[in-house]
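Please look at the sequence and the fold below before reading on.

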Amino acid sequence: MKKKYKIITFIMILIICVFGYMVIKTDYFILKKLNVVGQVKLSRQDILISGKIESGKNIYKYSSKKIRKNLLENPYIEDANVKIKLPDIISIDLKERVAMCAIPYMGSYALINEEGIVLKVEDDLKNVDVPLIGGINLQKLKIGQNVDLKDDNLLNKILNLLNACNNAKILSNISQINIDDNKNIDLYTINGIRVLLGKGEDLDYKMTELNKILIDLYTKNIKVGIVDMRYDSYPVYRPE
């Protein structure tokens with residue numbers, strides 16, 4: 001009986017070893033396809049590099065938890081759901097952070113998302129395609145962490161303005177936002193319209209109204225001038 005048991009055990013071990021060898025050596029389990037959902041700015045190559053994923057590598061050498069951990073080290077990736085599908089597919093569902101503004105910092109430009117997280121430091125202004133924030137000074141920054149300003153209330157107001165612009169579908173029309181010494185906010189469109197926002201109150205409503213005003217000015221081929229939205233009364237346009 002013992003001999004029979006030893007034979008069966010040997011055969012099972014042999015089968016496991018053969019299977020293990022096949023898993024490692026056969027092309028059947030080589031990673032051939034990477035499916036990614038949720039990409040906004042990141043390229044396929046960015047994701048491969050961030051996740052430390054190599055095409056042509058045995059899929060059993062990957063761990064979904066490890067890939068996710070690697071991906072989350074990229075500040076542009078807020079969350080990632082990773083699934084390994086045998087025999088040769090890795091699927092990734094991404095939630096990306098998106099830059100909403102750029103703040104000058106030591107001759108460069110810190111790209112910031114809607115939560116105030118630093119995503120990247122860009123050296124060349126030509127590569128910046130989001131509104132530039134003027135009139136504030138960064139104390140320090142670290143990529144992947146929240147930006148550090150002396151006045152947290154001012155930072156919150158800027159982020160609220162950016163989110164209000166985004167919700168009103170006008171963020172792509174904004175080129176610059178300036179804050180003066182009295183913390184009054186001026187907004188500039190890419191066409192050259194200056195918008196006076198005062199202390200930046202009731203921003204959701206004002207940005208919705210600004211969208212309508214900018215459309216009206218565009219249909220009238222008006223590309224310069226001032227829109228005064230500092231007061232509770234209806235906004236006023238005047239030539240500059």
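**The pocket, the sheet and the helices**

The largest pocket has a volume of about 590 Å³. A pocket is an open set of points on a 1 Å grid over the protein atoms alone, with protein on both sides within 12 Å along at least five of seven lines, and its lining residues have an atom within 4 Å of a point. The volume is the space filled by probe spheres set on the points, which are joined across faces, edges and corners. Of the 27 lining residues, Lys41, Val98, Ala99, Met100 and Val130 are the closest to the centre of this pocket. Strands E3 (89-96), E4 (99-105), E5 (108-113) and E6 (118-122) each give two or more residues to the lining; strands (E, at least two residues) and helices (H or I, at least four) are DSSP runs numbered from the N terminus. By class, the lining holds 11 nonpolar, 5 polar and 11 charged residues.

The model is predicted, and its local features need pLDDT of at least 70, side-chain atom pairs count only at pLDDT 80 or more, and totals for chains, interfaces and linings use all residues. Residues are numbered from 1 along each chain as its sequence is written, and side-chain values use heavy atoms, with hydrogens and water left out.

Strand E3 also belongs to an open sheet of 3 strands, in the order E1-E3-E2 with mixed pairing. Two strands pair if DSSP finds at least two bridges between them. Strands E1 (33-37) and E2 (77-85) stand at the edges with a single partner strand each, so one side of each has no neighbour in the sheet. From one strand to the next, the twist averages 20°.

E1 and E3 run parallel and are joined by 5 bridges; Val36 stands opposite Ile92 in E3. E2 and E3, in contrast, pair in the antiparallel sense over 8 bridges, and Ile77 has Glu96 in E3 as its bridge partner. A hairpin of 3 residues joins E2 to E3.

Which residues of helix H2 (residues 44-51) are buried? They are Ile47, Leu48, Ser50 and Gly51, where buried means under 20% relative accessible area with a 1.4 Å probe, counting protein chains only. An α-helix has 3.6 residues a turn, so residues three or four places apart point the same way. The buried residues of H2 pack against E1, H3 and E3. Just after H2, Lys52 takes a positive phi of about 55°.

Notes. 1 Å grid on protein atoms, 1.4 Å probe; cavity = no way out; pocket = protein on both sides within 12 Å on 5 of 7 lines; lining within 4 Å. Nonpolar A, V, L, I, M, F, W, Y, C, P; charged D, E, K, R; others polar. Axes fitted to C-alpha atoms, helices over the stretch in contact; angles between N-to-C directions. Buried < 20%, exposed > 50% of the residue type's maximum accessible area, 1.4 Å probe, protein only. Contact = heavy atoms within 4.5 Å.
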